Structures are given as structure tokens and as C-alpha cells.
Amino acid sequence: RALFSSSAKRFGLPEPKGILLLGPPGTGKSLTAKIVSNYWKLPLLKLDFGKIFSGLVGSSEENMRLALKTAEGLSPSVLWVDEIEKGLAGGKSGKSDGGTAARVFGSLLTWMQEKESMVFVIATANDISKLPPELMRKGRFDEIFFLDLPSEDEREDIFKIHLKKVGRDPSNFDTKAFSKQSKEFTGAEIEQTLIDSLFKSFNNKSELKNEFILKAISDCIPLSKTYSDELSKLREWAKLRARKAS
């Protein structure tokens, strides 16, 4: 946050560019973007590629220029680019759309490299195989972070957070048992198991109990099982190319 100050500029420090967050779905990448903007007390802007691309010739490029100009006009701000690999899917080849995606992608890359306004970019991605190498090189982002599945201690913390959110005291529950049984669950899956157990409690006209939560956990098939091959490749790629978020 201090890097956005005039004293940092006088010291010779450049404005921070942004971060790229890689990891499987449900590990808190989008949540991190929201937290950063809230912590820094800066406006959060979301770049929606679905609204950038248009069927009219030249309009997609103009939409991107307008979006980036808007972000600069609201600086200092945080620009959240969610699932960037989907938005730039055509940026590698440009064969399917006459090169529109490649030109839009080029505009974004140039702006990220040369921008002087204080717009901190937070991009998230689930699939690194679809990301062009130009996006990954040093200078586009200050750092690339890999968000892996939460550890046992982290899972316990997540259970406690969501129990508090639904008005329950975590000390009344066996959160250690929940954490052990939910191995390789994402944060999003932990939240959903708690919601499922609340439904069961409500239908049974009962207060939320440990047994309902443990049953919901055992009934859930985590994404890590169906996504195991992709997750292994992502972890292997991240070993040498990204910093671990935790």
C-alpha cells in the first residue's frame, strides 16, 4: 500500500504493476482480489472479457481501450481480471476470429508494460496451459503466486470462519475432525459442505451438529479427485515458476 505514496515515488520506486494468481478453482483467487482492494481502501474494478468482445469490426479493440482508459481515470485502483486465460483464449493463434483476440491481448499487454497510472492489476487463472508466454515474463506482473489446496491447519481455519458466518461458535464443534476428514478440499468445497449440513439440520428440525457436518464432508467428492491430472501438472509447473501463496 505504501508504494502508492508520493514518498515512494521520490525514493525512486516504480508503481506496483500487479500480481497473477494461479491455482485450481475454489482456492480463493477471486476473494484475494476483493481483500486487496478492501485492505488498501481502493476501488475494485472488474474487467469482463465477455463485454469486451463484440461482433462489429474494430469494436472489441475500442472496448478494451475504453476499459483501460476508465481504469486509469479511476486510479489509484485495483483492476481485477478474473480467469484471464478464458478471455485471452484466442490470443495465441488469432485464427478463429481474424486476429481480434490477438489484437485485444496485445493492447492489454502493452498497457500493462507501459502504464504509468496507479492501477494495480490482479489477474487470476485456473489453467496455465492456455496462458501465452508473453503474459508470464517479468515486467508484466510484480509476482506470480500459486494458490494450492489448503493445508490441514488452513482447512480448520476455514471451517471456523464459515461457522462464525452462520452464527455458530466454532469452539462448540470438532473442527480438527472436520479438517482431517476434508483432505484436499478447496475452501469453496468446505463452505458448501457446511451449507449442506445446515440444510440437513433445518430439515430435521435440529440444531447443527458435528455428525451432520461430517456426513456432508463424506458425501462430497472434491474437485481434486476429478481434477487430479490437471492439478498435478499445475503443481509441477508452479514449482519453478511461481511463489507459493502459503
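A salt bridge is a side-chain nitrogen of Lys or Arg within 4 Å of a carboxyl oxygen of Asp or Glu. Keep that in mind for the exercises below, which use a predicted model.

**Exercise 1**

Find arginine 155 and work out which side chain of opposite charge is nearest, and how far away.

*Solution.* 
- Start with the place: arginine 155 sits in helix α8, which covers residues 152–165.
- Finally, see what surrounds it. Beyond its neighbours within four places in sequence, arginine 155 is in contact with several residues, including Pro150, Ser179, Glu184, Phe185 and Ile190.

**Exercise 2**

Decide which residues of helix α11 are buried, and where they lie around the helix axis.

*Solution.* 
- Helix α11 spans residues 210–219, and its buried residues are Phe212, Ile213, Ala216 and Ile217.
- Seen down the axis, the buried residues of α11 fall within an arc of 135°, so they line one face of the helix.
- As for partners, the buried residues of α11 pack against α8, α9 (175–181) and α10 (187–203).

**Exercise 3**

Locate leucine 3 and name the surface patch to which it belongs.

*Solution.* 
- Leucine 3 lies in the segment before α1 (6–10).
- Its relative accessibility is 38%, so leucine 3 counts as partly exposed.
- Together with Phe11 and Leu13, Leu3 forms a nonpolar surface patch with about 320 Å² of accessible area.

Methods. Residues are numbered from 1 along each chain as its sequence is written. This is a predicted model: local features need pLDDT of at least 70, side-chain atom pairs count only at pLDDT 80 or more; totals for chains, interfaces and linings use all residues. Side-chain values use heavy atoms; hydrogens and water are left out. Helices (H or I, at least four residues) and strands (E, at least two) are DSSP runs, numbered from the N terminus. Buried means under 20% relative accessible area, exposed over 50%, partly exposed in between (1.4 Å probe, protein chains only). Lys and Arg count as positive and Asp and Glu as negative; His and the chain ends are not counted. Contact means heavy atoms within 4.5 Å. Patches are made of residues with over 30% relative accessible area and no salt bridge: like charges are joined within 9 Å, nonpolar side chains (Val, Leu, Ile, Met, Phe, Trp, Tyr) within 5 Å. Accessible areas come from the Shrake-Rupley method with a 1.4 Å probe; for residues, only the protein chains shown count as cover. The arc is that of the directions from the helix axis to the C-beta atoms.
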